[in-house]
Amino acid sequence: MILRPRAEDIAVIGYHLSRIILGLGLTMLLPLGCAFLCGERGPFLDFLITIEIIFVSGLLMMQVCRAVYESGKKKASAYEKSIDSLDPNWMHGMIMVALSWLAAMILGAIPLWLSGHWISFLDACFESMSGFATTGLSLAQDLDHLSLTHNLWRHFTMFIGGQGIVVVALSFFVKGFSGAFRMYVGEARDERVLPNVINTARFIWGVSFTYLALGTAALWAVGMKNGMGSGRALFHGACIFMAAFDTGGFAPQSQNMLYYHNYGMEIITAVLMVIGAINFRLHYHLWTGNRRELLRNIEMRVLFVSILATFIVTAVGLKTGGSSYASGGFLVLLRKGFYQLLSGHTGTGFMTVYAEQVGKEWSDLSLVGMICAMALGGAVSSTTGGIKMLRIGIIAEAFVQDIKKVIFPSRAMVEQKFHHIKEVFLEDKTVRASLMVTLAYIILFGIGALAGMLCGFGFIPSLFESTSAAANVGLSCGITSVGMPAALKVIYIFQMWAGRLEFIAVFTLAGFLLAAIKGK
Amino acid sequence: MESKNKIFNSMLGIVWEVSYALALMLAAAVICVIVLLVKI
């Protein structure tokens, strides 16, 4: 029998959700300050209105939830603690995370919609979810004339979403509570760097801010060397850094990275993309002296092999398909072929070619190579999307174990180990968990591909775009545009959301809603 | 002294991470050459 959730459960979820929403409102002070400093009056008002909406709705929600909880407590004494000191359980934590991301999408879309550069509120929501989920697919109109403030917000959503909305709230705005770990896990961060989840969140920010300083400085220098003014080069450097390190893929100009057409920019962003695809736990070990871990870690080994293997497929596809990149010589193949592949594999979505070129010029084989790369993704507990390297490594080790069991004498004990920070014995439950998530991703890719085909697009382009959305990549072969059907936009939004949260929080929310409808 | 060590270790960590990315690009460059040279 399914039990219907109590009003107190909804109140606990709503109360903590309102705290996260208020934290999100505070992050909008950055674009607000930018608008003030740049003298952009319209964008200043857009953000001021949004912040007011967030604070009014957040505080109202907080008070209503508190009142509902207190009245429920008096009647049934379901929970004895006050709502402030009550630790959310696993169900609360997961649902809070799932709803936080939806709330962030809607609230983050308001200033974008008010700017007039997005045709509908749905388009603005698409852009907002694409930013928070670090995807990079864009429906902006006349991006080249978008205000600095709105452009900064687009990229800042990637910086927030890459680290995790809950991580932002835990680090800066919400005082620690023991339910924090449940929310942290719900955001697809199943590995703690440090024993305390708040310290883990702060370490993640430490790494991010260090690279923010280094990456922005490097991109700023390259921009100035190429003739940009210092202010403009700094703005572009900061935006490109946020999109590269957080494996997002937005760029300030509509031509994406092709706009710069510069070796320096491409090399720096390629390095940042790879660093963004590294597990934060591995960052911690490398930064604390355990540098051999880089060579021994299963994820880093699989990532290296996987990137090169998928690149071979793509490069061969480009050559046999008669692409101009292959006939253009070694450097062209590296800059156009490998850059796109690396961008796809790390889940970034930066492009140095036009989306239409990918759809029309790239052969099916090269697109299949790209689809595999996008689906595989980077490391777990990084800013990337996709199936992730640890799971691929575990599944590969399980295959080896099974083959050994067949080959070795029946009495032989076959124990498979892999190295991930420490030596780990391969257990059936670990393999099962990896296979479950992999299967869920494959189904998600398939749903989007089917939807694309129902809208009249071919199989390979539909699968390409669907994988790009669900694995939070952002590469496009031309399907994502303002003119695509609204239903497809909604499906891509769902894919970005479910793919970023790695399903558990989404399934918990679905179960909660089902229980609310059918429960007794 | 301890904080100096911390900063030094962090910097070395960054150098290793950047080296990994550069090694990846170098390997990709080799693949490019091989793919272009081999007749397919």
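Start with H14 of chain A and H1 of chain B: H14(A) passes H1(B) in a right-handed crossing. A crossing is right-handed if the near helix is turned clockwise from the far one by less than a right angle, and left-handed if anticlockwise. Helices (H or I, at least four residues) and strands (E, at least two) are DSSP runs, numbered from the N terminus.

This is a predicted model, in which local features need pLDDT of at least 70, side-chain atom pairs count only at pLDDT 80 or more, and totals for chains, interfaces and linings use all residues. Residues are numbered from 1 along each chain as its sequence is written, while chains are lettered from A and ligands numbered from 1 in the order in which they are written.

**Stop 1: H14(A) and H1(B)**

Select residues 298-320 of chain A for H14(A). The axes of H14(A) and H1(B) come within 10 Å and cross at roughly 30°. Axes are lines fitted to C-alpha atoms, for helices over the stretch in contact, and angles run from 0 to 180 degrees between N-to-C directions. The two helices are therefore roughly parallel to each other. Angles under 35 degrees count as roughly parallel, over 145 as roughly antiparallel, 65 to 115 as roughly perpendicular and the rest as oblique.

Now show the contact residues. On H14(A) they include A:Phe304, A:Phe311 and A:Lys319. On H1(B) they include B:Tyr20, B:Leu24 and B:Cys32. Two residues are in contact if their C-beta atoms, placed from the backbone, lie within 7 Å. By class, this contact has 15 nonpolar, no polar and 1 charged residues. Ala, Val, Leu, Ile, Met, Phe, Trp, Tyr, Cys and Pro count as nonpolar, Asp, Glu, Lys and Arg as charged, and the others, Gly among them, as polar.

**Stop 2: chain B**

Select chain B. It has 1 helix and 0 strands. Its C-alpha atoms fill a box of roughly 60 × 10 × 5 Å along the principal axes. Of its 40 residues, 20% count as buried. A residue is buried if 20 or more other C-beta atoms lie within 10 Å of its own, exposed if 12 or fewer, and partly exposed in between.

The contact between the chains takes 21 residues from chain B and 26 residues from chain A. The chain B side has 17 nonpolar, 3 polar and 1 charged residues. The model scores ipTM 0.95 and pTM 0.93.

**Stop 3: H12(A)**

Select residues 280-287 of chain A. In this helix, 7 of 8 residues are buried, including A:Arg281, A:His283 and A:Trp287. The buried residues pack against H9 (197-225) and H13 (293-296) of chain A, together with H1 (2-37) of chain B. A:Gly289 follows H12(A), with a positive phi near 105°.

**Stop 4: A:Gly448**

A:Gly448 lies in helix H20 (residues 428-454) of chain A. A:Gly448 is buried, with 25 other C-beta atoms within 10 Å. Beyond its neighbours within four places in sequence, A:Gly448 contacts A:Ser466, A:Ala469, A:Ala470, A:Ile491, A:Tyr492 and A:Gln495. The C-alpha atoms of A:Gly448 and A:Ala469 are separated by 8.4 Å.

**Stop 5: H4(A) and H23(A)**

Select residues 90-115 and 504-518 of chain A. The axes of H4(A) and H23(A) come within 8 Å and cross at roughly 105°. That makes H4(A) roughly perpendicular to H23(A). Among the contact residues are A:Met91 and A:Met94 of H4(A), with A:Thr508 and A:Phe512 of H23(A). This contact has 11 nonpolar, 1 polar and no charged residues.
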